[in-house]
Amino acid sequence: MKGQRFYKVVFIFIYIVLVCTISSTVFAAMDPVEVEKRNAQAPYQISGKVTSDVLHKDVTDNNKHPQQIRKVTLEISDVIKAPTELEENNTVELFYHYIPSWDASEYVGGTSVDLAIGDVITISLSNGEYGWEPTIGGNSIKHITYSEDRVDYIPEPFLHRISGMVKSLGNTNTDVLVLCGLVAILGLAIFRGLRKAI
């Protein structure tokens, strides 16, 4: 009786994993033509190097999904397009909505902003609530040089990391999960058979 109960539990576990793996959600990215059009319409387009990145304001309204407004200083190397009064600037301060990389998958829509000190970028900027901001978030940024030294300014909570590990199991190829389940069942059956023989 105990053996039958054990096998039922194993089969239920495999069924749950299969159902979770098959049911996945797909979100559409922005239309590339629309991205190009909106970036081309931006009043300020520059290339430069990120020299600082500091917290401007915490705008978290849900502790499970923290957000910040961060202020970046960009050392300008090339002015593609600029309002007349800004053409001679050597640096510019820009503001962006920061979402930690470990929580970015929870949001739908355009690409999140991915900046780090040392990045060399080309960016399209528009005047926003806080000052100059990427016109359409991460879709307004093209990396020329991508710094290897990247920081998550909000560390990932321990429980979120554990749940992420469990979710990644669900993203594993279904065939691999089924094969592992069958090998585990076969191994346990052989082990139980050897124990009875002894």
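Is Asn139 buried or exposed? I looked this up first. Asn139 is buried, because its relative accessible area is 18%. My cut-offs: buried is under 20% relative accessible area, exposed is over 50%, and partly exposed is in between (1.4 Å probe, protein chains only).

**Ground rules.** I am working on a predicted model, where local features need pLDDT of at least 70, side-chain atom pairs count only at pLDDT 80 or more, and totals for chains, interfaces and linings use all residues. Residues are numbered from 1 along each chain as its sequence is written, and side-chain values use heavy atoms, with hydrogens and water left out.

**Asn139.** I placed Asn139 in the loop between β5 (132–134) and β6. Helices (H or I, at least four residues) and strands (E, at least two) are DSSP runs, numbered from the N terminus. I then listed contacts (heavy atoms within 4.5 Å). Setting aside neighbours within four places in sequence, Asn139 touches Met30, Val35, Asn39, Gly110 and Thr111.

**Val59.** I found Val59 in the loop between β1 (44–58) and β2 (68–81). Val59 is partly exposed, because its relative accessible area is 25%. With neighbours within four places in sequence left aside, its contacts are Gln67, Gln68, Ile69 and Tyr130. I also checked His97, which is 38 residues from Val59 along the chain; their C-alpha atoms are 9.0 Å apart.

**Aromatic pairs.** Rings of Phe, Tyr and Trp (its six-membered ring) pair if their centres lie within 6.5 Å; planes under 30 degrees apart are stacked, over 60 edge-to-face, and the rest tilted. I count 3 aromatic pairs by this rule. In one of them, Tyr98 and Tyr153 have ring centres 5.5 Å apart and planes at 75°, so the pair is edge-to-face. Tyr98 is in strand β3 (residues 91–98) and Tyr153 in the loop between β6 (141–145) and α3, so the pair ties together parts 55 residues apart in sequence. Tyr98 counts as buried because its relative accessibility is 5%. Tyr153 counts as partly exposed, at 27%.

**Charges over rings.** The rule asks for NZ of Lys or CZ of Arg within 6 Å of the ring centre and within 35 degrees of the ring normal. The charged end of Arg70 sits over the Tyr98 ring, 5.9 Å from its centre. Arg150 lies over the face of Tyr146, 3.7 Å from the ring centre.

**Leu159.** I located Leu159 in helix α3 (residues 158–170). Leu159 is exposed, because its relative accessibility is 69%.
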